[in-house]
Each structure stands twice: as structure tokens, then as C-alpha cells.
Amino acid sequence: MAFSPEDIKQKEFNRVHKGLDESEVRQYLQTLSDEIEKLKSDKEQLQTLINDKDENINRFKAVENTISDALLQAQKAGEETKHTAVLKADAIIKEAEGRSNIIIEDALQKARQISFQTEDMKRQSKVFRSRFRMLVEAQLDLLKNDDWDYLLNYDVDQQSVTEENIDILNKEEQNNQEQINNQSTKSEEDKSEE
């Protein structure tokens, strides 16, 4: 049976002959009632404090769970970011290596083309030089020929042109043409040997 301080104060007792001192009993009951009331108040305060502590604990547990979840998500996001960064870095490196290989291959091919073109130009220059030399030498041979003197000193009025003179000129021209052809053939043979 639960007692309240008011129940204790209001309690009525039967009267008997030679009983206890009523005022002393009333005073004791009052003290007892005050003590129970104090204990009840203390109990309520302690229960409130316990409830506050439980609420704080529950809040801290919720915060702890939230922080723990956030840490796990942050760790997972960090690992995913790191993994993604590594994959992107690998892709960038592979792409750069591929591009560098293409650039190097292109540069080597261009260098080969330039080298071939240079060699071809050298060869063509040698052929041109050889042909030009032959042409100049043939022209010099023509200039050194005695026919110039003959032609320059020839007087049309004094001497008539005979078939014999024409034959001589044709033979000399033919000889000059053969020399040019021989030099050209020799030049082409030199070119093929190079």
C-alpha cells in the first residue's frame, strides 16, 4: 500500500483508554509525512535527472550513430574518389603515352621522308651537275672547233659551197651529237653507280 504525505497527516486512529499521547503521535506522523514528502520529491528529481540523462544518452547514441555513418560514408566516398582518381590518372597516362608514341612515330616518319627527299635532291643535283657539265663541255668543244675559224674567215663571194663541205659539216655535227649522247650515257651510268 502506497502512502502519501497527506494520507499520513489525515490518518485517524481509534481512541482507547490509556493510549499514547496524541500530540506526540501527531508530531511524529508529521515528521514522518515531511520525510516521505522529501523522499518523494528527491525521487522525482532523481527520476527527472535519470530521464534527462537517458535522453542525453539517447541523443549521444544517435549522434554517435550519425557520426559513425558519416565516417563510414566519408571513408567509402574517399576510397571511391581515390579509386576513380587512380583510374583517371592511369587513363591520362595511357592516353599521353599513346599520343607521345604517335608524335614520335610521326616525327620519325617525317625525318625519314626528309632524309629520302634530301638524298633524292642530292642525286638529282649530281645528275643535273653531270649533265650541265657535259653540256658546257660540249659547247666548249664546239667553240674550240676549227670550223668557227673557217666560218668566220669564209667569204661567200670568193668560194662556193660544195657538197663536200656540207658533208664535212654534217659529219662534224653528227660527231658532236654522239659525244653529247656518250657523255649523257656515262653520266647516267655514274648516277646509277652512286
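Arginine 99 is exposed, with a relative accessible area of 53%. In this predicted model, arginine 99 forms a salt bridge with glutamate 95. The closest N and O atoms of that pair are 2.7 Å apart. Glutamate 95 is partly exposed, at a relative accessible area of 42%. Both residues belong to helix α2, which spans residues 22–144. They are four residues apart, so about one helical turn separates them.

Aspartate 106 forms a salt bridge with lysine 110, with 3.5 Å between the closest N and O atoms. Again the spacing in helix α2 is four residues, about one turn. Aspartate 106 is partly exposed, at 36% relative accessibility. Lysine 110 is also partly exposed, with a relative accessible area of 48%.

Arginine 123 pairs with aspartate 120 in another salt bridge, and their closest N and O atoms are 2.3 Å apart. These two residues lie three positions apart in helix α2, about one turn. Arginine 123 is partly exposed, with a relative accessible area of 36%. Aspartate 120 is partly exposed as well, at 28% relative accessibility. In total, the structure holds five salt bridges.

The protein as a whole has four helices and zero strands. Its pattern along the sequence is α-α-α-α. Of the 194 residues, 7% are buried. The accessible surface comes to about 17500 Å². Carbon and sulfur atoms contribute 55% of that surface. Among contacts with a separation of 6 or more, 64% link residues 24 or more positions apart.

How values were computed. Residues are numbered from 1 along each chain as its sequence is written. This is a predicted model: local features need pLDDT of at least 70, side-chain atom pairs count only at pLDDT 80 or more; totals for chains, interfaces and linings use all residues. Side-chain values use heavy atoms; hydrogens and water are left out. Buried means under 20% relative accessible area, exposed over 50%, partly exposed in between (1.4 Å probe, protein chains only). Contact means heavy atoms within 4.5 Å. Accessible areas come from the Shrake-Rupley method with a 1.4 Å probe; for residues, only the protein chains shown count as cover. A salt bridge is a side-chain nitrogen of Lys or Arg within 4 Å of a carboxyl oxygen of Asp or Glu.
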